[in-house]
Amino acid sequence: MADPTFEAKSASFLNWFGSQSGATFHPDIRIADLRGRGAGRGIVATADIPEDTVLFTIPRSAVINVQTSDLPRRIPHVFEPSTTGLEDASDNEADADLDFGSGTDGAGAPENWVSLILVMIYEYLQGELSRWKPYFDVLPADFETLMYWSDSELAELQASSIVGRIGREQADSMFRTSVLPVINEHADVFYPEGAERFTEEKLLVLAHRMGSTIMAYAFDLENDDDEETDPENDDEWVVDREGSIMMGMVPMADILNADAEFNAHVNHGEDSLTVTALRPIPAGTEVLNYYGPLGNGELLRRYGYVTNHHTRYDVAEVSWDLILPVLKDALKLDDQTWGKAVNELDLEEIEDGFVIERDTGELNSRGEHQDPAIFKELPADLVEQTHTLLKEIRKISPATIPDKAKRDEITLSAIHRALELRLGQYATSQAYDFDLLSGDKVSGRQRMAVVVRWGEKALLQEAIHFAYDKIQKTRSKASHDSEPSAKRQKTR
């Protein structure tokens with residue numbers, strides 16, 4: 001049964017969007033209620049749409065950012081690059097992994113994050129006075145991102161490393177140091193005359209809501225005219241969230257849902273953004289954007305959902321601390337020899353963790369994958385770091401590692417065993433999780449958690465099989481090479 005309030009808000013937003021100078025909305029698409037499949041609003045084709053059709057156009061004047069909101073003009077000193085608060089908040093701008101709730105230091109949030117959160121809070125508090133009020137009415141008030149999960153819900157992720165990247169406390173710290181003080185100091189600007197003043201805790205809740213909204217829906221507003229792009233290049237589809245490009249909320253573009261196989265693309269022009277069909281879209285098909293090559297764990301952390309197509313991008317992590325005891329046990333070294341070798345390593349060069357991932361192939365210009373994702377290689381940095389340690393051990397005890405073949409076998413065996421131990425850190429088996437999913441025995445957040453942990457286990461199992469095969473090939477080659485040449489010739 002249709003929700004009249006939900007539909008009314010969608011209709012009001014569409015009317016508002018159509019009133020923006022330069023905006024277009026194709027007559028063969030509509031805003032649909034997709035809550036029945038957990039997708040909120042979405043855009044669906046109502047008739048067959050040809051490839052290269054412009055689905056809608058968003059004028060840059062309709063985007064919410066520091067250039068279009070009144071806030072920077074009302075408190076200009078806060079948004080000046082030299083302002084201490086925002087300058088200090090952008091110290092780690094070059095960190096590609098740094099975004100809202102990524103588990104990094106809250107004081108290191110990029111300046112564009114802080115600025116856009118302030119703008120979003122300001123426009124929200126203006127209520128009917130904000131020209132974006134109909135847009136705010138269709139933005140979500142509740143989120144499925146990991147930031148909002150309870151401890152018992154997070155426990156369903158088991159040993160997934162994504163749990164360590166949620167960063168609720170770091171986000172709280174950033175809000176309390178860089179956002180709330182600005183609002184409280186300029187309360188007469190943020191609150192309309194006669195409006196209720198929020199308590200600190202209520203402001204914190206609002207900051208989290210706006211931060212999560214930005215995380216899930218904001219666009220980096222680069223201009224496609226600024227540089228040449230190759231439609232066959234996978235990098236074209238990757239969203240840059242390093243903090244170096246101005247961010248903004250793009251009405252209508254963020255109504256699009258997204259998947260790892262998609263049929264539309266947002267093009268950035270000088271005066272507007274256009275969404276174009278990458279291939280024919282049949283009637284009844286949802287129009288889908290792309291958020292980048294993210295595994296389901298990261299997709300769930302940032303955006304609050306998982307998909308089958310994103311499984312190809314799943315990753316798992318193996319720590320160096322898991323490798324070290326395996327190596328020590330395999331080599332049967334005394335503590336003195338082991339300690340001496342380990343101490344020779346340059347601590348600044350040592351990586352703490354290593355990413356296990358597949359070769360995912362490339363996307364074509366139609367937003368489709370051409371090849372299956374296959375596990376082809378153990379992490380090169382893990383192999384190299386293990387070789388470095390074994391080299392130090394060989395200097396101390398040459399008999400332990402007599403040659404390169406033995407070194408390679410030890411390396412592969414250690415990684416193989418570490419992968420088995422990493423898989424064993426999950427509380428349930430891959431088969432158990434598959435039964436839950438295939439039998440529809442879980443739903444909601446629990447189901448999404450099972451999808452994440454099952455995908456990581458499947459990947460680890462692939463890596464284990466790969467490492468085992470490499471060990472067998474290495475041993476076979478070593479055995480063959482050790483045979484007398486006359487015997488090898490005889491068996492040919």
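**Labels and their cut-offs**

Modeller: Start with Lys202, which lies over the face of Phe198, 4.5 Å from the ring centre.

Biologist: What makes Lys202 count as lying over the face of Phe198?

Modeller: The rule asks for NZ of Lys or CZ of Arg within 6 Å of the ring centre and within 35 degrees of the ring normal. At 4.5 Å, Lys202 falls inside the distance limit. Arg35 is another case: its charged end sits over the ring of Phe6, 3.8 Å from the centre.

Biologist: What kind of model is this, and how are residues numbered?

Modeller: It is a predicted model, with residues numbered from 1 along each chain as its sequence is written. Local features need pLDDT of at least 70 and side-chain atom pairs 80 or more, while totals for chains, interfaces and linings use all residues; side-chain values use heavy atoms, without hydrogens or water.

Biologist: What does the overall tally look like for the protein chain?

Modeller: The chain has 18 helices and 12 strands. These are DSSP runs, numbered from the N terminus: helices are H or I with at least four residues, strands E with at least two. Of the 492 residues, 51% count as buried. Buried means under 20% relative accessible area, exposed over 50%, and partly exposed in between (1.4 Å probe, protein chains only).

Biologist: How many aromatic pairs are there?

Modeller: There are 14. One is Phe13 with Trp16, at 5.9 Å centre to centre and 25° between the planes.

Biologist: What sort of pair do Phe375 and Phe466 form?

Modeller: An edge-to-face one, because 75° is over 60 and 5.3 Å is within 6.5 Å. Phe375 lies in the loop between strand 12 (353–356) and helix 14 (380–396), and Phe466 in helix 17 (residues 444–482), so the pair ties together parts 91 residues apart in sequence. Phe375 is at 8% relative accessibility, hence buried.

Biologist: Which residues touch the most other members of the largest nonpolar core?

Modeller: Phe56, Ile58, Leu118, Ile121, Val179 and Phe190, out of 87 residues. A core is a set of buried Ala, Val, Leu, Ile, Met, Phe, Trp, Tyr and Cys residues joined through side-chain atoms within 4.5 Å. Helix 5 (residues 111–126) gives the most to this core, with 10 residues. Beyond its neighbours within four places in sequence, Leu118 contacts residues including Leu71, Phe79, Val182 and Phe190; contact means heavy atoms within 4.5 Å. Another core of 38 residues lies apart, with Leu378 and Tyr426 among its members.

Biologist: How do you know that strand 3 is mostly covered?

Modeller: In strand 3 (residues 41–45), 5 of its 5 residues are buried. Arg41, Ile43 and Ala45 point one way, Gly42 and Val44 the other.

Biologist: What makes strand 2 and strand 3 a pair?

Modeller: Pairing takes at least two DSSP bridges. Strand 2 (residues 29–33) and strand 3 have 5, so they pair, and they run antiparallel. Asp33 stands opposite Arg41.

Biologist: Is Asp52 buried or exposed?

Modeller: Exposed, because 57% is over 50%. Lys332 also has a positive phi, about 55°. Lys332 lies in the loop between helix 12 (320–331) and helix 13 (335–343). At 70%, Lys332 counts as exposed.

Technical notes
Phe/Tyr/Trp six-rings, centres within 6.5 Å; stacked < 30°, edge-to-face > 60°.
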